[in-house]
Each structure stands twice: as C-alpha cells, then as structure tokens.
Amino acid sequence: MILHGSLSTSSAGAADDEAGGWEYSVTPFLWAPSVKGDVTVRGRSSSVDASFRDIVEQSDSILAYFSHFEARNGRVALFAEPSYMDIGMSESAKVGALKLDADVTSTLLFFEVGGAYRVLEWNQAAAQEAPSGGTVELLAGARYTDIDSKIDLKASGLPPAFPGSRRVDGSESWVDPFVGARTLVQLSDRWVASLRGDIGGFGVGSDLSLQGIALVGYEFDLFGRAAMAFGGYRALYQDYDNGSGANRFEWDVTLHGPVLGLNMRF
C-alpha cells in the first residue's frame, strides 16, 4: 500500500535493473488515525468525528498495525499488505432532559495485493555534489476490506417503561480494485521523500475509495543491511453501502493520521 519496498536511491534502482534478480523488503509500521464520517449498522446510523486524541480519551481500544511486503525485479514490483485496526469512538447529544450516547466500535481488516511498474527514472548524481534523482511508478491491484461494527445506544432521562440501552452489530466485506501512482525523490545521500495516490471501488465493491500517502525517510545500515526509518501522513476514504431499511450497512468514513515505520531490504 505504501512505497516502502522501493525506497532506495535512483542509482541503486539502476543497478538492480542491470543486474536483474529479485530484491525483497518488509516494513512494519504504526498508524495513529483520526476518524470522520458516517456509520450505519442494521439501519441505525451514527456520525463520527474523532481525533486520535479523542479516541484515546474516549475509548478503551485503539490499535492500528500494518506490514508491507514487496518483491522487486528491475522495473517490476509485487506487493502485499495485511492491516488490522480496532477503533472505538463515542458521540453524545442532549435534547432537553434526554441524553443520548452512542459508542461505536469497529474492527477493520484490510488485505491489499498489487503490482507496480516503473515508467520513469532519473539520476542527477553526476551533476551535483549530493546524489539526487527519482522514480515514478504506476500501480494496480485490489484491496479486501472486512469490517465488524457495533453501535451501543444509551439513553438517560427516559421514563422507566422505556429501555435505556440497545446494541446493534453487523459485519461486511468487499473487494475494491484500484489504480494509482507513486513517486520517490532522492533529496540527498540519506534522505528521500515519496508520494502515493490511488483511486478505486468503481462500484465493484465500494462506490469510491481514495488514498493518499506522503512520507519522508532516512536511509541507514542496520546489522549490515539497508534500512530506512520514515514518518509521514496517510489518509484513506471509503464509501460503501449495502442493503436497505433494517438491514442497511454503510461505511462512509475517512481514516487519516500520522504513520511511523521501519523499512528493511534483503
């Protein structure tokens, strides 16, 4: 999903093209997402707008782990990325003496597979004191999404004859095809910057999915192997709905926040 597997200098990429053979990389990373959008489970809807700080303060669950695996041979790369997060959010509203609380808990599993093809590469190391250059690659793949959501509705200030709480839960899964591009720019002999964007869904799974990722990384040797520590920002938007009435499920949500990770190449 992210450009980690090809975070290497342009000169190194050129050498790979000439030498051939496969190069492998793995990138574990953490994501601290904020959440904004609308969630509907079995016809019950809740609007959520929670920063990462709000999630930590209002929820017992906040977890977002990702691992990116990539294999490259010359201009071609194949990648896979399993992702898991467990997010809890709380929203409250008050109308007169009636207070409504909605606790939304969502467990999300993403699994992305795809390929990349390098269409452009430039290297200006010979003309400058510090290495510089970059690459541009086109992407295509599919993203599997599995969501299990629960909405706990609690009301206070009601007459005793009325129930004070109710829980609804539901799960959905779908597959979105996507296309996009990613670029890597060598800023110096150690520093690089990368951007990735993709669009998907097209009504096959979700109506629309959008993703954007910006990263800055620092290259170094780790136990004799090439490695990179990086930080940046990621946003993922998905607009999916299925069913109607009491069976309606909707996930019209943007997840966005900072990411930290460590890329290791073999």
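Colleague: Which share of the contacts with a separation of 6 or more comes from residues 24 or more positions apart?
Modeller: In the protein chain, 66% of those contacts join residues 24 or more positions apart, a contact being heavy atoms within 4.5 Å.

Colleague: What sort of model is this?
Modeller: It is a predicted model, in which local features need pLDDT of at least 70, side-chain atom pairs count only at pLDDT 80 or more, and totals for chains, interfaces and linings use all residues. Residues are numbered from 1 along each chain as its sequence is written, and side-chain values use heavy atoms, with hydrogens and water left out.

Colleague: How many helices and strands are there?
Modeller: The chain has 2 helices and 12 strands, taken as DSSP runs numbered from the N terminus (helices: H or I, at least four residues; strands: E, at least two). Along the sequence the pattern reads α-β-β-β-α-β-β-β-β-β-β-β-β-β.

Colleague: Where is Phe202?
Modeller: Phe202 sits in the loop that links strand S9 (191–200) to strand S10 (208–222). Its phi is positive, near 55°, in a residue other than glycine.

Colleague: And what about the phi of Phe223?
Modeller: Phe223 is not a glycine either, yet has a positive phi of about 55°. Phe223 belongs to the loop between S10 and strand S11 (225–242).

Colleague: Why does Phe223 count as exposed?
Modeller: Because its relative accessibility is 81%; exposed means over 50% relative accessible area, buried under 20%, and partly exposed in between (1.4 Å probe, protein chains only).

Colleague: What percentage of the 266 residues is buried?
Modeller: The buried share is 42%.
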